[in-house]
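Hi everyone, thanks for coming. Please have a look at the chain on the screen, and then I'll walk you through a few spots in it.

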Amino acid sequence: ILLVTGVPGLLAFPWDRILYEGRVRVHLMKAALRAWGERPWLGWGPEGISTAYPSLAWKISDLPPVFGLPRSSHGIWTDLASCFGILGLGAGLGILFLTLRRALVRGEAGRAGGLLALLGGASFHRLSVSAQLLSAALILPANRESRVHRRATARPLRALIGLGAALAGAQAYVKGTVAEAGLLLAETPSLSPQVRLRHLDLASDLRPRDPEILAARARVQALGGGLDDQEASRQSLRRLLEMDPAAPGAHAELAGVCRQIYLSTRIPGDLDEARRQVIQAMKQTTAGGETLKEAAGVFMETGEEKLLRTVLERARRALPREAWPLSYIAYLQIRQGDSVGARHSLSRALELGFDGDPVPEGFTRLNFSVLLFQTGDEDGALREAVRASELIPQDPAVWFQLGLLHLSKGEPRLAEADFNRCLLYNPSHTEAAEMIAKIKKRK
């Protein structure tokens, strides 16, 4: 009995670690235990980790690269602890222990085995449904007094429930595992976007209306970098929001994609959509670091410094170890002429680091270049601008800054090439066009 019912439940965790983003599960269990530690007696209420997660996520160092609002910690007992604290967990385990003890005292091996299977199968969600259904079949009344009278119905009923549970569990496990494996492979950076999309196609065939698969598709499409890829990502995110208007992180991701499209097209409607989406994302109670980062980028493009300051104040309180808020703060300080404050902010940002993310590091080095140029350090400014051009080569502001530096150092040919590159990424950049005209006039 234990081999049939308990082992599948207990084996769920090792298989899931291999095939279903075990890193995410470990992360969620840590989050649930941290939530329990903050409210040990009564917990966070029925929503449990969903309520606690926004205030806890940034405290956990092993946060997966892309992650939304969790609905559970993938463990019955960790969910019980985070929802109802020590009292709820103790009541649940106490009831299970007393029932198991009663079954053992009465010599009801079938019922005891079913309860043990329930204990193991409920520890991790994969296969726990089939394990619990099998447990229900074995927990059916089978004491000595009623055995003779119920044998005719109990045995066939147990067999029917057990067979149905085994078939349902096997089907759900195979389909779920293949789909989850497709999602896992879609988040593997070493694979090309084309290969990752093929895995998502397979997962989508098995779960055609799964918001998680649609969100993963949008993220992979955005990795292509081209305007067509960005547009495909935008359409996927729009469909996701049609299916689930409250999809965690979808509004912020759509805002980021629209902003990237705007930087390529300079069509005001794209920036307007980015602004609408980021404001919608900010209204959600689960708005986290990625939402704040997208909001800062959008408000910088729209020139709304008051909203930008509000976002940065919120980011500094919630994310004290993140570097990107300091980069935007330095941008505002440079505009205000506070060179001392800007230098301190930029140095601190570079000291904290960007975990390999080229965009915020490139933006930081561009701001450092502007600051050094204003204070007369042209060599340092050129060094930072060249580094920024390697990190964010499609940003027109980088090439405009390089053009100004090359022109200041008496290299008009290089400056003209830089200004032309700026116009390539932003054809409406009037200042770059004016500088090219001045250079040609001097010739």
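Which residues are linked in a network of salt bridges? They are Glu231, Arg234, Arg238, Asp270 and Glu273. By salt bridge I mean a side-chain nitrogen of Lys or Arg within 4 Å of a carboxyl oxygen of Asp or Glu.

Before going on, a word on where this comes from. This is a predicted model, where local features need pLDDT of at least 70 and side-chain atom pairs count only at pLDDT 80 or more, while totals for chains, interfaces and linings use all residues. Residues are numbered from 1 along each chain as its sequence is written, and side-chain values use heavy atoms, with hydrogens and water left out.

In the pair of Glu273 and Arg234, the closest N and O atoms are 3.1 Å apart. Glu273 sits in helix H13 and Arg234 in helix H11, 39 residues apart, so this pair links distant parts of the chain; helices here are DSSP runs (H or I, at least four residues), numbered from the N terminus. Glu273 counts as buried at 9% relative accessibility, and Arg234 is buried too, at 7%. Buried means under 20% relative accessible area, exposed means over 50%, and partly exposed is in between (1.4 Å probe, protein chains only).

Now H13 itself, residues 268–283. Its 16 residues should span 22 Å at 1.5 Å a residue, and its end C-alpha atoms are 23 Å apart, which agrees. The expected span is 1.5 Å times one less than the number of residues. Among the buried residues of H13 are Asp270, Leu271 and Ala274. What covers the buried residues includes H11, H12, H14 and H15.

H13 also holds Arg275, which meets Glu304 in a salt bridge of 2.8 Å, N to O. Glu304 lies in the loop between H14 and H15, so the pair ties together parts that are 29 residues apart in sequence. Arg275 is partly exposed, at 28% relative accessible area.

How many of the 16 residues of H12 are buried? The count is 12, so this helix is mostly covered. Those buried residues, including His251, Cys258 and Tyr262, pack against H11, H13, H14 and H21. After H12 comes Arg266, whose phi is positive, near 60°.

Finally, look at Trp41, in the loop between H3 and H4. Trp41 is exposed, with a relative accessible area of 55%.

How values were computed:
Helices (H or I, at least four residues) and strands (E, at least two) are DSSP runs, numbered from the N terminus. Contact means heavy atoms within 4.5 Å.
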